[in-house]
Amino acid sequence: MRAVITVIGKDRVGIIAGVSTILAGCNVNILDLSQTIMQDVFTMIMLVDISRSSVSFAGLSDSLDAKGRELELSVRIQHEDIFSSMHRI
Amino acid sequence: MISPFEVIETIKMIQEEKLDIRTITMGISLLDCCDPDAGEACRKIYDKITGLASDLVRVGENIEREYGIPIINKRISVTPIALVAGSSGEENYVMFARAMEKAADEVGVNFIGGFSALVHKGYTTGDRRLIHSIPEALSSTKKVCSSVNVATTKAGINMDAVREMGLIIKEAARLTAGQGGLACAKLVVFANVPEDNPFMAGAFHGIGEPECVINVGVSGPGAIKSALEEVKGADFGVVAETIKKKAFKITRMGQLVAQEASKRLGVSFGIVDLSLAPTPSVGDSVAHILEEMGVEKCGAHGTTAALALLNDAVKKGGTMASSYVGGLSGAFIPVSEDAGMIDAVRCGALSLEKLEAMTCVCSVGLDMIAVPGGTSSDTISAIIADEIAIGVINNKTTAVRIIPSPGKEVGDIVEFGGLLGSGPVMKVSGYGSGEFIKRGGRIPAPIHSLSN
């Protein structure tokens, strides 16, 4: 199962490190990563494989959310299907 | 991989434009709960609902979390209770409403629909008893919703039922006078009622439906308005295309959630209802979409045409996005549940007459309309008759959810709370309709050739 992690907020040191440390700790593999500044807002989008994750989806989501609060950013994880069903026929 | 712009568009629709799944509604047949002993029937109803829907809320919450899309309501609709309770000798059906309420409490849903009767051609004994029980049933429960279908295009209009519903609505208002007549907000009078509608208060599980089914209602007025902001001044071809594309995307979410919920619950997938359902919160208004199209205030001349375009484009965009479409599917215009409608009524731009015209081209009808507490039952029946006639002649669903709020006058505000919002009390005609309503009988079914 694949999921999309989005990080949106003000750019700062340690965003990728912070998020990827959590993912590595949960045995979540990063498949793709893109990062851009959209309208002065730092936006990072990661495609990850959570099929071998050592924690539940809810647990992973909570950890990322906590990291987001620590870094003062919005960090969310969503099942990939929500994007593919909306944007692909 | 999905492009970053697409990811951001989805997140923006959810976070800023308030896109959500309005409801996952589980339809449950209660036909096998009939019993000559009403107490036994109620026990069967409770057991069946709590058995089938025990995981509904949990599954809904899990989907919400995993997909990151809010699912506002989890609800249940059941077989019209008049059909189930009619097997018993019981004359007062309030105990059936209490059994529904108890089951809804147990599984954690916020509304349960189906305290209903279908009387478009006439009453059975069960129908009559159910309708008499409505005021007490709705005033002594919180989650139970009721609906009565008084007309169809094929059967015509049961004017005896129209007359009676005026009295029932007045009585329901009287019994909940302390809450502004709240019971009436849970009661809908229909023409051509759909059997798979997931939205309250009019949801019930029709007799052509399977044992158990999942129906999903989407929302998203904010997303449509926001898309239109980007095509300011463009012609109507562009407006219609823009709405269609957005409606497609909104509906795809509904389809995904419906399929996932049906898979996880082991229940068949019924339909996605394409309705644009507003809420009282800012940025979630159908009226504001119409204003974005260029009418200064909802209710100004041009509003009906704007709504017709919106309703049609939503259906065109949504139909391709879902494998099965049903329910009401269109734009809802409930006054008290839409911030833009409330504003329009308050400033005098939107009248009951204009709303009636708007209902000719959109999905439901006169919805969540507060009128003065002194409005007579005859006038309420006549308002129902007018609205129902629109549905019957135009071969579409129409409905009336009207609240004659005790002690309130035109211009007062009635607070219903939560999703039901707050409604400004609207003016009704001061001229009577008593002699018209008194006639009773049936208005025959219309002819559908020689159309003009």
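At the start of helix 12 of chain B, in this predicted model, a side-chain oxygen of Asp338(B) comes to within 2.9 Å of the backbone nitrogen of Gly340(B); helices here are DSSP runs of H or I with at least four residues, strands are runs of E with at least two, and both are numbered from the N terminus. Helix 12 of chain B covers residues 339-346, and because 6 of its 8 residues are buried, the helix is largely enclosed by the rest of the structure, where buried means under 20% relative accessible area, with a 1.4 Å probe and protein chains only. The buried residues are Ala339(B), Gly340(B), Met341(B), Ile342(B), Ala344(B) and Val345(B), and what covers them includes helix 10 (286-293), helix 13 (352-358) and strand 12 (422-424) of chain B. After helix 12 of chain B comes Gly348(B), with a positive phi near 85 degrees.

Chain B is divided into domain 1 (27-191) and domain 2 (216-437), with bounds that come from an automatic or database domain assignment. The centres of these two domains, taken over C-alpha atoms, are separated by 22 Å, and 39 residues of domain 1 of chain B are in contact (heavy atoms within 4.5 Å) with 41 residues of domain 2 of chain B. Across the interface of the two domains there is 1 salt bridge, a term for a side-chain nitrogen of Lys or Arg within 4 Å of a carboxyl oxygen of Asp or Glu. The side chains of Glu66(B) and Arg264(B) also meet in a salt bridge, at 2.8 Å from N to O. On the side of domain 1 of chain B that touches domain 2 of chain B, two or more residues come from each of helix 3, strand 2 (71-78), strand 4 (144-152), helix 7 (159-175) and strand 6 (187-191) of chain B, and helix 7 of chain B gives the largest share, 10 residues.

Between the chains, 26 residues of chain B are in contact with 28 residues of chain A, and the count of salt bridges is 2. The side chains of Arg65(B) and Asp62(A) meet in a salt bridge at 2.2 Å, N to O. Helix 1 of chain B provides 11 residues, the largest share of the side of chain B that touches chain A.

Residues are numbered from 1 along each chain as its sequence is written, and chains are lettered from A and ligands numbered from 1 in the order in which they are written. In this predicted model, local features need pLDDT of at least 70 and side-chain atom pairs count only at pLDDT 80 or more, whereas totals for chains, interfaces and linings use all residues, and side-chain values use heavy atoms, with hydrogens and water left out.

Methods: Buried means under 20% relative accessible area, exposed over 50%, partly exposed in between (1.4 Å probe, protein chains only). A polar contact is a pair of N or O atoms within 3.5 Å; within protein, one must be able to donate a hydrogen and the other to accept it, and residues adjacent in sequence count only if both atoms are side-chain atoms.
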